[in-house]
Amino acid sequence: MAMLEVKGLEVYYGVIQAIKGISFEVNQGEIIALIGANGAGKTTTLHTITGLIAAKSGSIVYEGTDVTRIPGYKLVGMGIAHVPEGRRVFSSLTVLQNLKMGAYTRKDKNELDETLKMIYRRFPRLEERKNQPAGTLSGGEQQMLAMGRALMSHPRLIVMDEPSMGLSPIYVNEIFDIIQKINGDGTTVLLVEQNAKKALSIANRAYVLETGNIVLSGDAGDLLNNDQVKKAYLSE
Ligand code: ATP
């Protein structure tokens, strides 16, 4: 059984249909990339999975439970964390306060300290800057903070929306490196990216979205060599 199974998902904004009946699955331990052009429906798909937008029809089953109608704040407690597009850190709060915001579902202080230590090991820069307001961090550091905040809930599935957006190439490499490490620690990753080349280079499998439909899917390595993908998404 897949960890996450999306079936026949349809999502509307008013009368406009953004997602037109897509189906895909994420298996435990995988990195899955969802790629596609601007407006293809990638963010809408993630927001529906994380309970921020309601599906019109179709189903989302997570670890065997139908979560299609479960609100986002409850999904966090069930092990799904979201790293939103544009980071959305709380600028006037410190790095540490931001991290603690990600832990609102957890009660055990010792366990939480362990998670915080793990996050500081993964992101030494966050520890160095723990008392600094998040708004003073660079874009790449804010991305690290958004990821660290999501990890504070100790998720089994982490969904990330455009982690490389607006970052310089050095940060992009670092962020993708960290995503692989997070996955290596045992967290399953669903990744939305415009940087298809990078996403495909770390993913196991990928789905290509075009105007609300999945038009291609397969092993990430195969898609990297697929002529249609090369032409539409890998030109530099
Ligand atoms: P991007 O990479 O630009 O974020 P995307 O693939 O994530 O694109 P979505 O943001 O999911 O695409 O948008 C899918 C479609 O839904 C687009 O046509 C978009 O204009 C539309 N859409 C998104 N949000 C809304 C909204 N709040 N109200 C109306 N239409 C919306």
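# Talking through the model

Colleague: Let's start with T211. Is T211 buried or exposed?
Modeller: T211 counts as exposed, at 54% relative accessibility. Keep in mind that this is a predicted model.

Colleague: Where is the place of T211?
Modeller: T211 is in the loop between β9, which covers 205-210, and β10.

Colleague: What about its backbone, what is phi of T211 near?
Modeller: Phi of T211 is near 35°. That's a positive value in a residue other than glycine.

Colleague: H154 has a positive phi too, I think. About what value does H154 have?
Modeller: About 55° for H154, and again this is not a glycine. H154 lies in a loop as well, between α6 and β7 (157-161).

Colleague: And is H154 buried or exposed?
Modeller: H154 comes out as exposed, because its relative accessibility is 52% and the label applies over 50%.

Colleague: OK, back to β10. Which strand is V215 found in?
Modeller: V215 is in β10, which spans residues 213-219. V215 has a relative accessible area of 37%, so it is partly exposed.

Colleague: Which residues does V215 touch, leaving out those up to four places away in sequence?
Modeller: V208 and E210.

Colleague: Switching to strand β8. Is E193 buried or exposed?
Modeller: E193 is buried, with a relative accessible area of 0%. E193 sits in strand β8, residues 188-193.

Colleague: Which residues is E193 in contact with, beyond its neighbours within four places in sequence?
Modeller: Quite a list: L34, I35, G36, K42, E162, P163, S164, F176 and A199.

Colleague: And what lies 3.0 Å from a polar atom of the side chain of E193?
Modeller: The backbone nitrogen of N195.

Colleague: K42 was in that contact list. Which of the 13 residues around the ligand come nearest?
Modeller: K42 turns up there again, together with N38, G39, T43 and T44.

Colleague: What does N38 put 2.7 Å from an oxygen atom of the ligand?
Modeller: A polar atom of the N38 side chain.

Colleague: And G39, what part of it is 2.8 Å from an oxygen atom of the ligand?
Modeller: For G39, a polar backbone atom. G41 also has a backbone N or O atom 2.8 Å from an oxygen atom of the ligand.

Colleague: Which element gives the most to the lining?
Modeller: That's α2, with four residues.

Colleague: How many residues line the largest pocket, and which lie nearest its centre?
Modeller: The lining has 18 residues, and V76, H82, P84, Y104 and R149 lie nearest the centre.

Colleague: How do the lining residues divide into nonpolar, polar and charged?
Modeller: Eleven are nonpolar, five are polar and two are charged.

Colleague: Now helix α4. Where is E111, and which residues does α4 cover?
Modeller: E111 is in helix α4, which runs over residues 109-122. K109 is in helix α4 too.

Colleague: How do they sit at the surface, K109 first: buried or exposed?
Modeller: K109 counts as exposed, at 57% relative accessibility. E111 has a relative accessible area of 47%, so it is partly exposed.

Colleague: How far is E111 from Q132 in space?
Modeller: E111 and Q132 are 24 Å apart, C-alpha to C-alpha, and 21 residues apart in sequence. For K109 and K20, the figures are 44 Å in space and 89 residues in sequence.

Colleague: Last one, S59. Which strand is S59 in?
Modeller: Strand β4, residues 57-62.

Colleague: By what distance are the C-alpha atoms of S59 and K7 separated?
Modeller: By 5.2 Å, although S59 and K7 are 52 residues apart along the chain. K7 is also among the contacts of S59, along with E5, V6, D66 and T68, leaving aside neighbours within four places in sequence.

Technical notes
Residues numbered from 1 in each chain as written. Predicted model: local features only at pLDDT ≥ 70, side-chain atom pairs only at ≥ 80, totals over all residues. Heavy atoms only, no water. 1 Å grid on protein atoms, 1.4 Å probe; cavity = no way out; pocket = protein on both sides within 12 Å on 5 of 7 lines; lining within 4 Å. Helix = DSSP H or I, 4+ residues; strand = E, 2+ residues; numbered from the N terminus. Nonpolar A, V, L, I, M, F, W, Y, C, P; charged D, E, K, R; others polar. Buried < 20%, exposed > 50% of the residue type's maximum accessible area, 1.4 Å probe, protein only. Contact = heavy atoms within 4.5 Å. Near = heavy atom within 4 Å. Polar contact = N/O pair within 3.5 Å; in protein donor to acceptor, adjacent residues only side chain to side chain.
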